[in-house]
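Me: I would like to learn how to read a model like this one. Could we go through its features in turn?

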Amino acid sequence: MRTHAMGEMTVKEVREYLKHNQTVIFPYGVVEQHGYHLPLSMDIHNAEILACRMAEELDCIVAPCLNYCFSGGQLPGTINVKPNNFSNMVCDIMESLVNQGFLNIFIVPGHGGSESLLHLKESLRILKWMNPAMQKAMILFIRRSDYSKKALDSIYGRDYHAGESETSTMLACRPGLVRMEELEMDTPEIAEMMREDPDAYQLRTNFTGLHQEIVNTVQRPEIKVGVMGYPERAKAETGVKNLDDAIRGMIPVLKKAIVQAEKARKTGKMVEIADTEKLKMLKL
Ligand SMILES: [Zn+2]
């Protein structure tokens, strides 16, 4: 294959590709505050770096990265696309890909926040429900923490957004975009609060205290830098090791998933997934 980048291929090349391979990777990121030492495009690189390595290992192609989703951050440069708009966009992209013959789609989120991912997962479930043509496609989310002990350790080690792990990835793969000399943290109290709980950057209030009332959400106004973790520990070497660990963990699983999906499409035998959460309506 001349390139793994779908955006650099021609119609003819994609047509040829589809004759022997129906797998495509779809990365998405966000334009978002990442402190003073990392660029706003951090999560776009995050997604693209992993997607490119996966494509080499799986010998498949990567669709152009979607650069926007919902961040929640409100510092300068951050661009928020509401989760429903983001999900609609991704659902359209998935339909386009499946209509053309792609059957195995790996979605690679470069952004760690939960709002976009939660919304997208449910939107895709409904899309597959309402459009039977989509049911032949296996759509799988790929997050490093599902396959890599190192990624999980950094989460349990309270390193999240713009911290050691993300900074190390950039030092390893896009060193020209890192400004370690500009590194700053928020006040020690704020920095510690966000290591304790990365969602603590949100201040939620309502009028009544009742959980049935919709809350008002803002980013805590004391946050000026927006780093969650330990960026001062970052090293290029760590970035390389983290990426290798994630790739090592995920590639055999993904290869097996492709084989399983192909087999299930032929035999019609699907795996039944039981919904074990009873009486969801009472929790809403
Ligand atoms: Zn990030």
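**Reading the fold**

Reply: Start with contacts. Residues 24 or more positions apart account for 78% of the contacts in the chain with a separation of 6 or more. Two residues are in contact if their C-beta atoms, placed from the backbone, lie within 7 Å. This is a predicted model: local features need pLDDT of at least 70, side-chain atom pairs count only at pLDDT 80 or more, and totals for chains, interfaces and linings use all residues. Residues are numbered from 1 along each chain as its sequence is written.

Me: How many helices and strands does the chain have?

Reply: Eight helices and six strands. Helices (H or I, at least four residues) and strands (E, at least two) are DSSP runs, numbered from the N terminus. Along the sequence the pattern is α-β-α-β-α-β-α-β-α-α-α-β-β-α.

Me: What does the radius of gyration of the chain agree with?

Reply: The radius is taken over C-alpha atoms, and the globule rule is 2.2 Å times the number of residues to the power 0.38. For 284 residues, a compact globule would have a value near 19 Å; the chain has 20 Å, which agrees. Its C-alpha atoms fill a box of roughly 55 × 50 × 30 Å along the principal axes. Buried residues make up 37% of the 284. A residue is buried if 20 or more other C-beta atoms lie within 10 Å of its own, exposed if 12 or fewer, and partly exposed in between; C-beta atoms are placed from the backbone.

**The sheet**

Me: What is the strand order in the open sheet?

Reply: The general idea comes before the case. Strands of a sheet pair through backbone hydrogen bonds, either parallel or antiparallel. Here, two strands count as paired if DSSP finds at least two bridges between them. The open sheet has four strands in the order β2-β1-β3-β4, with parallel pairing. β2 (61-62) and β4 (138-141) are the edge strands, each pairing on one side only.

Me: Which bridges hold β1 in place between its partners?

Reply: Six bridges join β1 (residues 23-28) to β3 (residues 104-109), and the two run parallel. T23 has N104 as its bridge partner in β3, and Y28 stands opposite P109. With β2, β1 pairs in the parallel sense over two bridges. V24 stands opposite I61 there.

Me: Is β1 mostly covered or uncovered?

Reply: Mostly covered: six of its six residues are buried. T23, I25 and P27 point one way, while V24, F26 and Y28 point the other way, and all are buried.

**Helix packing**

Me: At what angle do α6 and α8 pack?

Reply: Axes are lines fitted to C-alpha atoms, for helices over the stretch in contact, and angles run from 0 to 180 degrees between N-to-C directions. Angles under 35 degrees count as roughly parallel, over 145 as roughly antiparallel, 65 to 115 as roughly perpendicular and the rest as oblique. α6 (residues 164-173) and α8 (residues 236-267) pack at about 100°, with axes 7 Å apart. That makes α6 roughly perpendicular to α8. Residues in the contact include S168, L171 and A172 of α6 and A236, V240 and L243 of α8. By class, it has six nonpolar, six polar and one charged residues. Ala, Val, Leu, Ile, Met, Phe, Trp, Tyr, Cys and Pro count as nonpolar, Asp, Glu, Lys and Arg as charged, and the others, Gly among them, as polar.

Me: How many residues of α6 are buried?

Reply: Eight of the 10, so α6 is largely enclosed by the rest of the structure. The buried residues of α6 pack against α2 (42-58), α5 (149-156) and α8. Take A172 as one of them. A172 counts as buried with 20 C-beta neighbours inside 10 Å. It touches A236, G239, V240 and L243, not counting residues up to four places away in sequence.

Me: How does α5 pack on α8?

Reply: At about 120°, with the axes 7 Å apart. That makes α5 oblique to α8. K149, K150 and A151 of α5 meet K241, N242, D245 and A246 of α8. This contact has two nonpolar, one polar and four charged residues.

**Backbone angles**

Me: Which residues have a positive phi?

Reply: Most residues other than glycine have a negative phi. D59 has phi near 50°, and A162 about 65°. D59 lies in the loop between α2 and β2 and is exposed, with 10 other C-beta atoms within 10 Å. A162 lies in the loop between α5 and α6 and is buried, with 27.
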